[in-house]
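This briefing concerns one protein model and its ligand.

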Amino acid sequence: MAYDAVVLVSFGGPERPEDVMPFLQNVTRGRGVPPERLAEVAEHYLHFGGVSPINQQCRELLAAIREDFAANGVDLPVYWGNRNWDPMLADTVAQLRDDGVTHALAFVTSAYGGYSSCRQYQEDIAAARAAVGPDAPVIEKLRQFWDHPGFVEPHVDAVQAALGQLDPARRDTTRLVFTAHSVPTSMAANAGPHGGRYEAQLRETARLVAAAAAPDLPYDLVWQSRSGPPQVPWLEPDVNDHLGTLAGQGVTGVVVSPIGFVSDHLEVIWDLDTEARQTAKQYGLDFVRAGTPGTDPRFVAMVRELVRERTEPDGVRLRRRLGELPFWDTCPTVCCVPARRPA
Ligand SMILES: CC1=C(CCC(=O)O)c2cc3nc(cc4[nH]c(cc5[nH]c(cc1n2)c(C)c5CCC(=O)O)c(CCC(=O)O)c4C)C(CCC(=O)O)=C3C
Ligand SMILES: [Fe+2]
């Protein structure tokens, strides 16, 4: 297949206070998030002047990908569009069409399977193409990359750097705490072609990062940023509750590594750097938050490698991965389908 462009597809975030509410309405449209939760999350954004860092992080990633492509002979233009805020995907797809692009590859800033992490991106790409009309380019999502060395290795280095900030005399009572965005348990159950893949992939990434960064330390995978109405069950334990449990077990310090994410966006700088740090302080735990891949050159090179897997003849042989979980390049139609809401 001949491709003629790459699109960076991300979540999007507001960059001024007056955009916070319209952004939150875009994110939660039809998703049953109670208004109290929205008001609370709006406060998190307003705490940072209404500016989410995610768009700037995408601009930096976009620039880094373009540089990497130029330096390595990948002659494809790179575009950027978001699911929930400007630049909106539909505008980007219209630009692709105007530029004569017919067949693009999409790199999505989420490493895992599942509805929120994968299928929803594909649905929004499809909706953007439908909005543009019959001459919209075909857009194929690149594969999930939870166990790609370009994603795992920056997390490993970040965990090691974070450990270096804790008192070595207390290493015996230090714990690695990996976090990812919680999702409803029904969504977790339906993730991937045979279910359960969001959590299974995260457990594999946690295992790989822990084994390379600090094989002597125990670790856990816990959840953050729970949303939705309280009566709907989501993955647990929440990171804040877990810090209390650890303190009760004699743990003295934690490295919190957000392996669920690729950059230090709002869910990281608020939910971890502000809230979880405060929780740790209450329990007397030392707390260091490990970084995310961001524009680490290995992560940027991974994007090129994923593209080459699709553009080179027999590109599958180029596939690099550290884990053992089953794997697919293109999602089956019946994959991560949300559980039906009661009428
Ligand atoms: C799995 C997952 C990822 C990781 C995969 C990926 O990276 O895509 C992720 C990322 C992100 N989530 C983000 C922001 C939000 N997520 C929300 C709500 C929700 N997230 C969910 C799941 C996930 N979310 C779910 C199941 C909901 C409930 C509503 C629904 O069923 O869809 C809400 C609504 C308010 C609230 O209730 O929290 C906001 C504002 C931002 C941007 C941060 C910034 O601005 O810097 C990012 C990167
Ligand atoms: Fe989210």
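The domain assignment of the protein gives domain 1 (5-145 + 296-318) and domain 2 (149-289); such bounds come from an automatic or database domain assignment. This is a predicted model, in which local features need pLDDT of at least 70 and side-chain atom pairs count only at pLDDT 80 or more, while totals for chains, interfaces and linings use all residues. Residues are numbered from 1 along each chain as its sequence is written, and chains are lettered from A and ligands numbered from 1 in the order in which they are written.

- The C-alpha centres of domain 1 and domain 2 are 24 Å apart.
- Domain 1 contributes 27 residues to the contact and domain 2 contributes 23 residues, where two residues are in contact if their C-beta atoms, placed from the backbone, lie within 7 Å.
- On the side of domain 1 that touches domain 2, at least two residues come from each of α2, α3 (54-71), α5 and α12 (297-311). Helices (H or I, at least four residues) and strands (E, at least two) are DSSP runs, numbered from the N terminus.
- The most is given to this side of domain 1 by α12, with five residues.
- The side of domain 1 that touches domain 2 comprises twelve nonpolar, eleven polar and four charged residues. Here Ala, Val, Leu, Ile, Met, Phe, Trp, Tyr, Cys and Pro count as nonpolar, Asp, Glu, Lys and Arg as charged, and the others, Gly among them, as polar.

**Shell around ligand 1**

- Ligand 1 is surrounded by 26 residues, the closest being G13, S52, S227, H265 and L266; a residue counts as near a molecule if its C-beta atom, placed from the backbone, lies within 6 Å of it.
- Two or more residues of the shell come from each of α1 (20-28), α2 (35-47), α5 (115-132) and α10 (266-269).
- With three residues, α1 gives the most to this shell.
- Domain 1 and domain 2 each supply at least three residues of the shell.
- The shell has ten nonpolar, 13 polar and three charged residues.

**Helix packing**

- Helix α4 (residues 89-98) packs with α5 at an angle of about 55°, their axes being 8 Å apart; axes are lines fitted to C-alpha atoms, for helices over the stretch in contact, and angles run from 0 to 180 degrees between N-to-C directions.
- Because of that angle, α4 is oblique to α5; angles under 35 degrees count as roughly parallel, over 145 as roughly antiparallel, 65 to 115 as roughly perpendicular and the rest as oblique.
- In this pair, L89, A90, V93, A94 and R97 of α4 meet D124, I125, A128, R129, A131 and V132 of α5.
- The contact of α4 with α5 has eight nonpolar, no polar and three charged residues.
- Helix α9 (residues 239-248) and helix α11 (residues 271-282) cross at roughly 20°, and their axes come within 9 Å, which means that α9 is roughly parallel to α11.
- Here V239, N240 and L243 of α9 meet E275, A276, T279 and A280 of α11.

**Backbone features**

- Most residues other than glycine have a negative phi, and most peptide bonds are trans.
- D86 and P87 are joined by a cis peptide bond with omega of about -5°, and P87 is in the loop between β2 (78-82) and α4.
- E236 and P237 are also joined by a cis peptide bond, with omega of about 5°; P237 is in the loop between β6 (219-224) and α9.
- D314, in the segment after α12, has a positive phi of about 55° although it is not a glycine.
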